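Student: Please take a close look at a single part of this model, the surroundings of the ligand, and then connect that part to the rest.

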Amino acid sequence: MATTIRSISEDSEYYAKSFKIIKPQLTRIQADLDKIFEKTIPKKVIVRERGLKVLGIGSGSGELELKHTLQLLRTFPQISLTSIEPVPDHLDEYKQLVAKEADTLKSVTYDWRQQTLDQYRHEVGASKKYDVIVSINSVYYFDDVEDSMIYLRDILEDDGILIIVLVSENGMTYRLWDRFPHLYDASHFHRICSLHLLDVLQKCNIKYDSERIRSDVDLTECFIEGSEDGQYLLDFVSHVIDLRGSTSPECYSEFVSFLKESTRKDSTEENGVRWVFVTEQEVLYIHK
Ligand SMILES: C[S@@+](CC[C@H](N)C(=O)[O-])C[C@H]1O[C@@H](n2cnc3c(N)ncnc32)[C@H](O)[C@@H]1O
């Protein structure tokens, strides 16, 4: 039976490796986020005679943040961007992406910070304020969610916007965290969905707007015996390092069965049979 169960959030290399496998699956949700950002930020944010100050929290390997920066450049010709990302491999990939777009990004200055939000807060405090703060699926990893929300609102400029994206109660990872809580007894991340965060915001008297977006995640690879990518995908989805080797065979098979039962079977001539999970995320906007 089981050895120690460890969360992928405790091993940055493993996190980066498994995130890489799920990343291509996130393009649809990214496209929806692009549209939302495009319609929201230029309308809500006012910057007078200075550059736009942006803070990305948990920027990952930067694909999303880079797209949003290119979008923002159409409205805000000067941007200074601070990126907080604790995983070194992610930051390296992000820097490489930016280097490829160097000409287009001439008027963007970057402050790369290989640290967590709490480390940043400890170092910088509230001495720097931002017009746009974005956290996409990183809130689970903050030390104290309520305290972090108050801090982020405090470091927002007047007429600024804080955007938090996280899974709803119908989100894939949340449903798994909720169904298999014993896998996470020793984990340090917060197994929260947007309903929890809305409670926190209401408790702190922080006003928000929100909308939900749904997207398909193709999990077929998880169900292919012997697939290495499938195991990494399963580990990202479960948030457990080597789920197969660190849980009992019964638990592993219950997990995989639950996952499969939660998917929709799609079949096309081009792609054959696919197992697709419909996941849901909530986008929260906090204005100041
Ligand atoms: C699910 S990924 C999302 C990455 C990116 N925002 C995206 O949507 O593609 C979560 C990111 O949060 C980062 N992270 C983990 N703990 C963090 C913390 N305490 N503060 C800030 N970021 C953190 C992870 O390293 C990871 O890159």
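Tutor: Some terms come first: Ala, Val, Leu, Ile, Met, Phe, Trp, Tyr, Cys and Pro count as nonpolar, Asp, Glu, Lys and Arg as charged, and the others, Gly among them, as polar. The model is predicted. By these classes, the shell around the ligand holds eleven nonpolar, seven polar and one charged residues. In total, 19 residues surround the ligand, and the closest are Gly58, Gly60, Thr116, Ser138 and Tyr141.

In soluble globular proteins, nonpolar side chains tend to be buried together. Here the largest nonpolar core has 67 residues, and Val132, Ile133, Leu162 and Ile164 have the most contacts inside it. Strand β5 (residues 156-167) gives this core its largest share, eight residues. Leaving out residues up to four places away in sequence, Ile164 touches Ser135, Val139, Leu197 and Leu284.

Two helices can be read by class as well. Helix α2 (residues 27-44) packs against helix α3 (residues 63-73) at an angle of about 30°, with the axes 10 Å apart. Among the residues making this contact are Leu33 and Phe37 of α2 and Leu64 and Lys67 of α3. The contact of α2 with α3 has five nonpolar, three polar and three charged residues.

Last, a charged residue. Asp218 lies in strand β6 (residues 209-218). Asp218 counts as partly exposed because it has 17 C-beta neighbours inside 10 Å. Not counting residues up to four places away in sequence, Asp218 touches Gln25, Arg274 and Val276. The C-alpha atoms of Asp218 and Lys265 are 9.9 Å apart, although 47 residues separate the two along the chain.

Key: Residues are numbered from 1 along each chain as its sequence is written. This is a predicted model: local features need pLDDT of at least 70, side-chain atom pairs count only at pLDDT 80 or more; totals for chains, interfaces and linings use all residues. A residue is near a molecule or strand if its C-beta atom, placed from the backbone, lies within 6 Å of it. A nonpolar core is a set of buried Ala, Val, Leu, Ile, Met, Phe, Trp, Tyr and Cys residues joined through C-beta atoms within 7 Å. A residue is buried if 20 or more other C-beta atoms lie within 10 Å of its own, exposed if 12 or fewer, and partly exposed in between; C-beta atoms are placed from the backbone. Helices (H or I, at least four residues) and strands (E, at least two) are DSSP runs, numbered from the N terminus. Two residues are in contact if their C-beta atoms, placed from the backbone, lie within 7 Å. Axes are lines fitted to C-alpha atoms, for helices over the stretch in contact, and angles run from 0 to 180 degrees between N-to-C directions.
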